[in-house]
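These are my notes from a reading of one model, kept in the order in which I looked things up.

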Amino acid sequence: MHSPEVLPPPAPPAARRRRSPFAQRELSLAGVLLGLLVVFSVLVPRFAGLDTLRQVLADMAIVVIVAAGQALVLFTRNIDVSVGSTVGLTAYAAAAVIAAHPGLPLVVPIAVALLLGLVLGAINGALVATLKVPSIMVTLGTLYVFRGADSALAGSQQITAQNMPPSYTALASWSVAGIPGMFVYAAVIVVAAHLVVRHTLTGRALLATGSGPDSAERMGIKAGKLVFGAYAVTGLLCGIAGVLWGARYGTVDSSAANGYELVVLAAVVIGGVSITGGAGSIPGVVLGAAVLTVIGIGLALLDVSPFWLQAIQGLVIIVAITLDLVLRRRLAARGRAA
């Protein structure tokens, strides 16, 4: 994806010290998460139990998988608001294949969803990287195109668990040592993403591209290829999420994952990934998804209206973005003072 010999050298000690506020952000998020667990456990005694913990781990899994891809895109100073439509379309495609041909090996509907997601992500990447159109405009357009294709494919039809073989829904229902299989899928993906971002030349090039696209190009980094790759990987992860969506919820129609892009974006921003690119971490994204999931489950147990849940999520996003800007300004001020 780039020429290894021209990549920037490893960050010197001073640069590592300048990233400390983001490490503090992850510690702060962990503190917020712990505080939320304590508060909801006091307000709703049944919240404090292993069943709730398993529900949190299972519910946050799909968000984490898609958010990991969204983070890769944001690292390059772009955005993908079509992820909800991509998850919905791939979920319906996989469910439709297995419902129409229940005797097929599971690898077939899974391959259909992953390939479709990869193609949709590649379309976004090609449009952004080659046409140089702002990513928000491209992916806002494809959000409606993909959703329209989903509606045309599904019509008014709904695929339920009764239409799927038990082996398909079992993809999301297994567990190991009490840990939901859904979380195991997500854990494998985020560990791989973290290793790529923090410990490979490609990861450093992604962050360098977002920090300064022009400087990255002058250093020999092929920013266009990296942007294309980030979108393609995001589409692939959306395909995985689509398969798990149908397996977990057991009902798929044209409205599946409608509006999901906002939940994913909230998790990423709350997790400390900068909306201006070049900064953030995959562990932060996981913590952001966990905070959102705990808030959602906790408020649901308190019988809070879904309307207020969305309003609170919006408020959390505003606070997260404000905090991100404050931290960046402090970093810039420290850099000037040094």
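Helices (H or I, at least four residues) and strands (E, at least two) are DSSP runs, numbered from the N terminus. I noted that this is a predicted model, in which local features need pLDDT of at least 70 and side-chain atom pairs count only at pLDDT 80 or more, while totals for chains, interfaces and linings use all residues. Residues are numbered from 1 along each chain as its sequence is written, and side-chain values use heavy atoms, with hydrogens and water left out.

**Entry 1: confidence.** I looked up pLDDT, the predictor's confidence in each residue, from 0 to 100, and found that the chain averages 86, with 90% of the residues scoring at least 70. Over residues 1-18 the pLDDT is below 50, although this stretch has 27 contacts (heavy atoms within 4.5 Å) beyond near neighbours in sequence. Where pLDDT is low, the predicted coordinates should not be read in detail.

**Entry 2: the record.** The unreviewed UniProt entry lists residues 27-44, 56-75, 174-197, 226-247, 259-277, 284-302 and 308-327 as "transmembrane region"; such annotations may be inferred rather than shown by experiment. I checked two of these spans in the model: residues 56-75 are 100% helix and 0% strand, with their end C-alpha atoms 27 Å apart, and residues 226-247 are also 100% helix and 0% strand, with the end C-alpha atoms 32 Å apart.

**Entry 3: helix 12.** Which residues of helix 12 are buried? I found Tyr260, Glu261, Val264, Ala266, Ala267, Val268, Val269 and Ile270, which makes eight of the eleven residues in this helix, residues 260-270. Just after helix 12, Gly272 takes a positive phi of about 100 degrees. In the loop between strand 4 (251-252) and helix 12 I came to Ala257, whose phi is near 65 degrees, a positive value in a residue other than glycine. Ala257 counts as buried because its relative accessibility is 4%.

**Entry 4: the loop between strands 2 and 3.** Ala177 is found in this loop, and its phi, near 55 degrees, is again positive in a residue other than glycine. Most residues other than glycine have a negative phi. Ala177 counts as exposed, at 78% relative accessibility. Gly178 is found in the loop too, between strand 2 (175-176) and strand 3 (179-180), and is partly exposed at 31%.

**Entry 5: helices 8 and 11.** How are helix 8 and helix 11 oriented to each other? Helix 8 (residues 181-199) and helix 11 (residues 223-249) pack at an angle of about 175 degrees, with their axes 12 Å apart; the axes are lines fitted to C-alpha atoms over the stretch in contact, and angles run from 0 to 180 degrees between N-to-C directions. They are therefore roughly antiparallel, a term used for angles over 145 degrees. Met182, Tyr185 and Ile189 in helix 8 meet Leu237, Ile240, Leu244 and Arg248 in helix 11.

**Entry 6: Asp150.** I found Asp150 in helix 6 (residues 135-154), and it counts as buried, at 0% relative accessibility. Leaving aside neighbours within four places in sequence, Asp150 is in contact with Gly88, Leu89, Tyr92, Gly155, Asp253 and Ser254.

Methods. Buried means under 20% relative accessible area, exposed over 50%, partly exposed in between (1.4 Å probe, protein chains only). Angles under 35 degrees count as roughly parallel, over 145 as roughly antiparallel, 65 to 115 as roughly perpendicular and the rest as oblique.
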